[in-house]
Every structure is written in structure tokens, then in C-alpha cells.
Amino acid sequence: MKKYLLIATVFLAGLISLPAFAISDVQKSSITDNCSTIKENLEKIQKSDARARVYLGSYYEVILTKFITPLNVRLVENNLSTADLVENQNEFADAKSVFTNDYISYQQHLEDLVTIDCKSEPEAFYDKLIKVRQKRKIMEQDVLKLRTLISQHIKLVDGIKGKL
Amino acid sequence: MEEVDRPEKKPSGARNLVVLGILASVIAILTTSISLMIYHNSGDIYLDRSRPGFLPDEEEIEEGGDKEEEYLFEKTGKLEIKDIEEYLEKLNSEVKAIDSYEKPFSADVLSDEHLGISD
């Protein structure tokens with residue numbers, strides 16, 4: 001019994017110590033050879049992402065503060081408020097702050113990636129790149145969620161017309 | 001033997017000035033470092049496009065300058081169909097602007113191929 005337990009422990013320890021994603025020799029040498037080009041590309045991505053965040057973030061802010069919130073206040077005043085619209089407003093506000101927080105986390109990981117010396121540490125670099133990709137995927141989902149909530153809001157507002 | 005009255009040694013003004021200068025510089029460096037640390041750790045640095053290398057391009061400033069910033073839906077008053085129609089019209093123009101941004105945060109930008117890593 002002890003023997004099996006020992007084997008299982010060794011096996012698990014081996015699994016944990018393995019990198020999350022194996023990197024091929026070709027990828028490794030490609031990272032080492034093109035290190036400076038890869039870093040330049042990453043820096044460009046950093047800048048274009050900052051632009052995307054400001055662009056989208058300002059539109060989300062306008063939509064929340066100049067459209068959704070004042071409309072809901074007026075609907076309450078006119079006794080036309082619906083639970084769906086209030087819920088949509090809360091969800092949108094939450095999703096907007098999640099978008100900002102996820103962006104900070106994504107940029108922190110991206111910055112860590114840029115600081116790794118890909119010439120001498122291609123494996124660590126690729127491992128981090130995988131994590132940054134996951135963070136970027138979350139950002140993409142956040143943008144989609146906010147867009148879905150806006151569409152939902154438009155649909156709900158359109159439905160109010162019938163009550164007037 | 002006669003005792004000679006030595007004049008009392010007064011602190012030198014120049015030396016005090018140097019000490020004050022050094023102290024002021026140390027305090028300034030310390031407080032600036034703390035501020036930068038907070039700025040970085042809070043994540044505000046990533047949201048700030050006024051940092052070096054992240055300033056908006058000229059065409060960007062022109063593009064964003066005339067956005068529908070003046071429109072604000074009135075919080076008070078009787079609600080009529082025309083108000084809702086105007087609201088939806090203005091909102092749709094904002095949505096159009098959001099949709100015009102092509103593939104924000106798309107995954108392919110960080111692909112091996114795009115970054116220059118061959119498989």
C-alpha cells in the first residue's frame with residue numbers, strides 16, 4: 001500500500017512540476033531568434049489595447065451615465081419602471097467595472113511578459129504568453145457581454161413604446 | 001598661564017543649507033517613489049494614456065473630439081413616444097461607434113503566427 005502511495009506521490013509531483021503547455025524545439029528556437037521582433041509586436045499590442053480600452057470605456061461610460069441611468073430615473077417618475085430595465089442597468093454597471101478590472105489584470109500580465117528575457121528564457125516566456133492569451137480571452141468575453149447587455153436594453157426600451 | 005577665551009563655535013549657515021537641501025531631496029525622492037508605487041500597484045497606470053508612449057495619436061483626438069457628448073437624456077418630465085424614439089436614435093449612434101471598432105481584444109493578435117513564433 002505504501003509503495004503505491006509513494007508511486008502516486010512521485011507521479012503527481014512530476015505532473016505539477018511540468019510546464020502547463022509543452023513548447024516544441026522549433027518554437028523555442030523561434031522565440032530565441034526572433035526575440036526582439038516578438039517584443040516589438042507585444043509593445044504595439046500594448047499600445048493598441050490601451051487605445052481600445054479608452055475608446056470602448058468612454059462609450060460604455062456615456063451609455064451608462066447619459067442614457068441608461070437617466071432613462072430609468074424618468075421611468076420611475078412616470079411609473080413605467082420595470083424590474084428588467086433596473087436589472088439590466090445593474091448588470092451593465094457591474095460588467096463595466098469588471099471590464100476595467102480585467103483590463104488592469106490583463107495589462108499587468110502583458111507587462112510581465114514583455115519584461116521576461118525571451119532570448120534566455122523562452123520556456124518561461126511561452127508559459128506566460130499562454131496566461132496572457134487566457135486574460136485576453138476574458139477581455140473579449142467582457143466586450144461581448146457589454147454589447148449583449150446594450151442590445152438587451154434597446155429591446156426593453158423598445159417594448160416601453162407600447163405602454164405609452 | 002592665562003586662559004585664552006575661545007569664541008563659541010557657531011553652526012555654519014552654509015553647512016545647514018546643504019543639510020536642508022539633502023533632506024528635502026531625500027523626502028522628495030521618497031514621497032515620489034511611494035506615489036509611483038501606489039500608481040503602479042493600484043493599476044491606474046494601465047488606465048492612464050497620458051503616460052509616455054501611450055499618448056493618443058493626432059487623428060484619434062480629431063476623431064473622438066466631436067462625439068455626441070452634449071446629449072443627455074432628461075431625468076424629469078412626462079415621457080412620450082417621441083422621447084423614446086429620440087433616445088433610441090441617439091443610443092443607436094453610440095452603438096454604431098462601438099461596433100465600428102474592429103475585433104477589440106481578439107485572440108488572433110497574440111497567436112504564434114502573428115507574433116512571429118513558428119510552430
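**Where two helices of chain A meet**

Hi everyone, let's start at a meeting point: A:Gln27, A:Lys28, A:Ile31 and A:Thr32 in α2(A) meet A:Pro122, A:Glu123, A:Phe125 and A:Tyr126 in α5(A). Meeting here means being in contact, with C-beta atoms, placed from the backbone, within 7 Å. Helices are DSSP runs of H or I, at least four residues long, and strands are runs of E of at least two, numbered from the N terminus. By class, this contact has four nonpolar, two polar and two charged residues. Nonpolar covers Ala, Val, Leu, Ile, Met, Phe, Trp, Tyr, Cys and Pro; charged covers Asp, Glu, Lys and Arg; the others, Gly among them, are polar.

A word on the model: it is predicted, so local features need pLDDT of at least 70 and side-chain atom pairs 80 or more, while totals for chains, interfaces and linings use all residues. Residues are numbered from 1 along each chain as its sequence is written, and chains are lettered from A and ligands numbered from 1 in the order written.

How do the axes of α2 and α5 of chain A cross? Helix α2 (residues 25-33) and helix α5 (residues 122-160) come within 9 Å and cross at roughly 100°. That makes α2(A) roughly perpendicular to α5(A), a label for angles of 65 to 115 degrees. Axes are lines fitted to C-alpha atoms, over the stretch in contact for helices, with angles from 0 to 180 degrees between N-to-C directions.

Stepping back, chain A has five helices and zero strands. Of its 164 residues, 24% count as buried, with 20 or more other C-beta atoms within 10 Å of their own.

Note on methods. Parallel < 35°, antiparallel > 145°, perpendicular 65-115°, else oblique. Buried ≥ 20, exposed ≤ 12 C-beta atoms within 10 Å, placed from the backbone.
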